[in-house]
Structures are given as C-alpha cells and as structure tokens.
Amino acid sequence: MSETETVFRKPEGPPRVPGARAVRPKNAATVLIIRRDAKKPRVLMGKRHAGHSFMPDRWVFPGGRIDRSDYRAPAATEMRPEVAALFDAYLPAGRGRALAAAAVRETWEETGLLLAQPAPVRPAVGPWRDFTAQGALADLGAVDVIARAITPPSVGKRFDTWFLLADAERLMSFDRQADCGELEEIAWVDFDEAQTLPLPTVTRMMLKEAVLRMDDPSRPKPFMRFRQGAMRPDQL
C-alpha cells in the first residue's frame, strides 16, 4: 500500500456517524514556513493540544479554517499572479485570497509570528484587529501553493486544505509575540528531525513534498481526494 493510499484508507480524525451523510469539507489553509539560516533548512511546526478532537497531540504546520473577515483582510502585498490563477482555476472568485489570508492570520494566532510587512496601525474587523494592531499588514505575496488535500468522507470532521509554502525571511521577526496558545509547543525543526515527531500522515507527506519542491520548484502539485468511492490522486 502506498503512503498516499494509507492517508485515505486509514484516515485520522473522528469517524463519521454510521448512517449519516458525509460531512461537507470546510475550507482551510496551512503554511510550511521554511527557515534557511542554519546548515539544514528548518520548518516551523507546532504541537496540537491533547483535547483536540482532530489530530490531538500531533505536530502540524500553522493554519486553519477561513474566517469571514479573511475575505476583507488588509494586505501589504497581494498573491503573485500565477498563485492567484491556480486558486481561481478551482475556487470561486476571492476564496483563494481568503485562504492565503487565513494561513497568515492563523500563523499569527498559533505561533505569534507575523508573515507580514511593517505598516501604520489601521482598523480591521474580527480577528484581524489584533494582527494590524502589531503595526503589520499581511504579506500574501510570500505564499505559494504546494498541494491540496480533502479529508475522506469516512471522517466526521473534514477539511478541504490547501498547503502553502513561504520563506521565513518574509517574517517580520523570528521573535514570537504573545499568542493565544492554540499550539502547545512551537519549534523550528529540520526535515529529518520533523519526520521523527508524531505527525498526521498527510503532514508527513507534505514534509517530503516540500523537500522535493525545494530541489525542483517546477514539479507537479498533488491534489488528493476521494471520487466515486475511491482515492484518486490528481494534480493541480
């Protein structure tokens, strides 16, 4: 059995209630922030709390679901045209930008790090108020898409997750600001070390994908999903 098949045949998360219809996946985004100032590249990861119903005690990349405010998030830079075009090929207008904004916002909320550029403090709505209060605006131009994965229908909590990549040099600082404590621990780990952590299988796969993409940025971007009752991997 291949690793991709394992992700879908042995899904992680609460099972769907027997007899119930498949849960509709929620839009989400997560970002692999790569730091290159040591002998080996390192990636930002955090440990989820034991009380989470979805992947407790696992190490993951920062990210989460779209908030309505993400559609109107103020930004210092917009997505690069080729990144925006990839989102637009699959999603309604504006949702790709909201996904990129969600990844930036969740990185701030979960790790206290700002993937942003300095800017005068300005008003914002919802959770973006705390972000812009730091004197920062989101750097959406820092992100690229590396993959997409939709949680199998056998799981009771499903996400349509876009995996993004960004260089740590686009962070405003490596010094963490106060965060909300959504992740128990935060660490920069090299890719070999990361593979020894307790990881969701899809996270393990994305670590391998990131390594391959650093060697070959032109490689196809995986799209993992269930169609017609079976896992049918595809490419974006």
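1. The protein chain in this predicted model has an average pLDDT of 85, and 83% of its residues score at least 70. Where pLDDT is low, the predicted coordinates should not be read in detail.

2. A reader new to the structure may begin with strand β2, which spans residues 42–48. Five of the seven residues of β2 are buried, so the strand is largely enclosed by the rest of the structure. Strand β1, residues 26–35, runs antiparallel to β2 and is joined to it by two bridges, while a hairpin of six residues leads from β1 to β2. Within this pairing, Ile34 has Val43 of β2 as its bridge partner.

3. Strand β2 also pairs with strand β10, residues 183–190, in the antiparallel sense and over seven bridges. A further antiparallel pairing, over two bridges, links β2 to strand β3, residues 59–60. Which residues stand opposite Lys47 in these strands? In β10 the residue opposite Lys47 is Glu185, and in β3 it is Trp59.

4. Elsewhere in the description comes an open sheet of three strands, in the order β5-β7-β6, whose pairing is mixed. Strands β5 (75–77) and β6 (116–118) stand at the edges of this sheet with a single partner strand each, so one side of each is left without a neighbour in the sheet. From one strand to the next, the twist averages 45°. The pairing of β6 with β7, residues 136–139, is antiparallel and extends over three bridges, and within it Ala116 stands opposite Ala138 of β7.

5. The largest nonpolar core has 35 residues, of which Phe87, Trp128, Phe131 and Leu164 touch the most other members. At least two residues of this core are supplied by each of β1, α2 (81–88), α3 (95–111), α4 (128–132), β7 and β9 (159–167). Which of the elements gives the largest share? That share, six residues, comes from α3. Apart from this core lies another, of 22 residues, which includes Ile34, Met45, Phe61 and Leu199. In soluble globular proteins, nonpolar side chains tend to be buried together.

6. Trp128 deserves a separate look. When its neighbours within four places in sequence are left aside, Trp128 is in contact with Ser69, Asp70, Ala73, Ala101, Val104, Arg105 and Ala138. Ala138 is also the residue of β7 that stands opposite Ala116.

7. Helix α3 has 17 residues, and the distance of 24 Å from its first C-alpha to its last is close to the 24 Å expected at 1.5 Å a residue.

8. Helix α6, residues 201–215, has 15 residues and reaches 22 Å from its first C-alpha to its last, which is close to the 21 Å expected at 1.5 Å a residue. The buried residues in α6 include Thr201, Val202, Thr203, Met205 and Met206, and Leu207, Glu209, Ala210 and Arg213 are buried there as well.

Conventions: Residues are numbered from 1 along each chain as its sequence is written. This is a predicted model: local features need pLDDT of at least 70, side-chain atom pairs count only at pLDDT 80 or more; totals for chains, interfaces and linings use all residues. Side-chain values use heavy atoms; hydrogens and water are left out. Buried means under 20% relative accessible area, exposed over 50%, partly exposed in between (1.4 Å probe, protein chains only). Helices (H or I, at least four residues) and strands (E, at least two) are DSSP runs, numbered from the N terminus. Two strands pair if DSSP finds at least two bridges between them. Axes are lines fitted to C-alpha atoms, for helices over the stretch in contact, and angles run from 0 to 180 degrees between N-to-C directions. A nonpolar core is a set of buried Ala, Val, Leu, Ile, Met, Phe, Trp, Tyr and Cys residues joined through side-chain atoms within 4.5 Å. Contact means heavy atoms within 4.5 Å. pLDDT is the predictor's confidence in each residue, from 0 to 100. The expected span of a helix is 1.5 Å times one less than its number of residues.
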